[in-house]
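User: I am new to this kind of model and would like to learn how to read its features one at a time. Could you take me through them, giving the general idea before the case at hand?

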Amino acid sequence: MSTPPPTLSTEAPEDGLERLARRAVAPTGWLLLACAIVWGLLVVQAPEDAVQGIVQKILYVHPPCAFAAYLGFFLTALGGAVYLARRDPAWDRFAISAAEVGVLFCALLLATGPIWGKGTWGRWWTWDLRLTLSLLLFLVYVAYLLLRSFTEGDERTARFAAVYGIAGLAVIPLNYFAIDLAGGRALHPENLGGDSLGEGMGWPFLAGVVTCLVAFGHLFARRLEVAGLRDRRAREAAEAAAAAGEPAWDT
Amino acid sequence: MWAVLWKDLLIEWRSRDRVLAMGVFALLVVVIFHFAAPAGPAAGGEATREHLPGLLWVAYVFAAILGLNRAFALELENEALSGLALAPGERGWIYLGKAAASLVLLVAVQALAALAFALAFDLDLVPVLLPFSGIALLGALGLASIGTLFSAVAVRTSYREVMLPLLLLPLLVPVLLGAVRATHGLLAEGTVPADALRLLAVTDAVFLIVSFLGFEYVLDE
């Protein structure tokens, strides 16, 4: 018989955020499944664009990914700010979870954009205002993740990351004006208005936004749950080591 | 703040290693650019002249990162950083002292690099010396302000020399764009575009405020 997998005792208490995340995982998962089915059906039956053809259907994926990415980066700065004010590690886990899921959606954004660009503009990338800004946003938060992995000590990592996350968010409007000033020609399509979508394209787009946001919520809840479990596991290991008289290693 | 500024400048004056390293590095960048440029402006390459402000600012940013990497390295010896953190009073003032010291060094290196650029690429900077210095100072303020904050962060990570440019470069885009636009306008048309100056000033102000407030959380308790 192999040894049973290590189980978590219930001694280390769950905090409020972790409990909320754990309870949200299953409902958001089912909701995501339902949304994805509806979205898939709507996208398949949506009319093909007269000019752009099939590649226009990226619209149902690309802008929703942008919304999810922005949400992630906003939550990262929010979690960092609350952490600095309260010094509660739960809010640091909130920030890292939001950053990781945000980077994932930003990567999807940067991957789907060029597919459309190649089909419509004839090239994968242009140094357009919004493209440049999205790339910078991605780089700022990849640097955020690198900073976390290269810093030792939980408390210090949390502080450094919080400061960087907040500074990163503060620089986004500056970057916007800077690139605008540099004459980044607006090649990227305008923001969607009330009537800029063709007949039959509104519902699939809405379904795309809802599905992406639900997917964000689900992944975020899962990541938050994992972060909470890891943290408790580390604390219990440290306590067990201390009880056994061994030196407790900072994990 | 003045004590920290004075201490940093005094140490630098006694050893002169940081400013020397930054200066030599900036000169090397000029030489490399000269060979990397498609056709030297001495040979009448208009395209290179168009890119000179950008090249100049790339040299400044690289030299600044080199210098900022050392800004807090000295404080790590003998736990001097903990001593600074324990000093009574607002930590923001320590930050301002460190940033001011970096700014002074950076301005010195900028002057040297500008001279080298002028000689190497046949630029006449004398008639535009005053506005050029103003732009360089505003740009240097932006580099030193946010750079000092993240220098204090990067120095306590592993791979610290790699970490600082990774953290800093995406944040420096507004400074770089504003400074390059302003320099370009000055050298090409003789006037400084007001919107570029405004961008530089606003960016400097935002960076100073964010760094002044953020430094509180960057030093260890």
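User: Where does A:Arg87 lie in chain A?

Analyst: In this predicted model, A:Arg87 sits in the loop that runs between α2 (62-86) and α3 (89-120) of chain A. Its backbone has a positive phi of about 60°, although A:Arg87 is not a glycine.

User: Is A:Arg87 buried or exposed, or something in between?

Analyst: Burial can be judged by counting neighbours, and a residue is called partly exposed when its count falls between the cut-off of 20 or more for buried and that of 12 or fewer for exposed. A:Arg87 has 14 other C-beta atoms within 10 Å, and therefore counts as partly exposed.

User: How many helices and strands does chain A have, and what share of its residues is buried?

Analyst: Chain A has six helices and zero strands, and 36% of its 251 residues count as buried. Among its contacts with a separation of 6 or more, 81% are between residues 24 or more positions apart.

User: How many helices are there in chain B, and how does its radius of gyration agree with that of a compact globule?

Analyst: Chain B contains ten helices and zero strands, and buried residues make up 46% of its 221 residues. A compact globule with 221 residues would have a radius of gyration near 17 Å, and the 18 Å of chain B agrees with this. Along the principal axes, the C-alpha atoms of chain B fill a box of roughly 60 × 35 × 30 Å. Of the contacts in chain B between residues at least 6 apart in sequence, 78% join residues at least 24 apart.

User: What describes two packed helices, and at what angle do α7 and α9 of chain B cross?

Analyst: Two packed helices are described by the angle between their axes together with the distance between those axes. In chain B, the axes of helix α7 (residues 129-154) and helix α9 (residues 173-189) come within 10 Å and cross at roughly 175°, which means that α7(B) is roughly antiparallel to α9(B). Among the residues that meet there are B:Phe132 and B:Ile135 in α7(B), and B:Val175 and B:Leu186 in α9(B). The residues of this contact divide into eight nonpolar, three polar and no charged.

User: How many residues does each chain give to the contact between chains A and B?

Analyst: The contact takes 25 residues from chain A and 25 residues from chain B. On the side of chain A, α4 (129-150) and α5 (154-181) each supply at least two residues, and α5(A) gives the most, with 15 residues. By class, that side of chain A has 21 nonpolar, two polar and two charged residues.

User: Which residues meet where α5(A) packs with α10(B)?

Analyst: The axes of α5(A) and helix α10 (residues 194-218) of chain B are 10 Å apart at an angle of about 175°, and the two helices are therefore roughly antiparallel to each other. Residues that meet include A:Phe160, A:Leu174 and A:Phe177 in α5(A), and B:Leu199, B:Val206 and B:Tyr217 in α10(B). This contact has 15 nonpolar, two polar and two charged residues.

Notes: Residues numbered from 1 in each chain as written. Chains lettered and ligands numbered in written order. Predicted model: local features only at pLDDT ≥ 70, side-chain atom pairs only at ≥ 80, totals over all residues. Contact = placed C-beta atoms within 7 Å. Helix = DSSP H or I, 4+ residues; strand = E, 2+ residues; numbered from the N terminus. Nonpolar A, V, L, I, M, F, W, Y, C, P; charged D, E, K, R; others polar. Rg over C-alpha atoms; globule rule 2.2 N^0.38 Å. Axes fitted to C-alpha atoms, helices over the stretch in contact; angles between N-to-C directions. Parallel < 35°, antiparallel > 145°, perpendicular 65-115°, else oblique.
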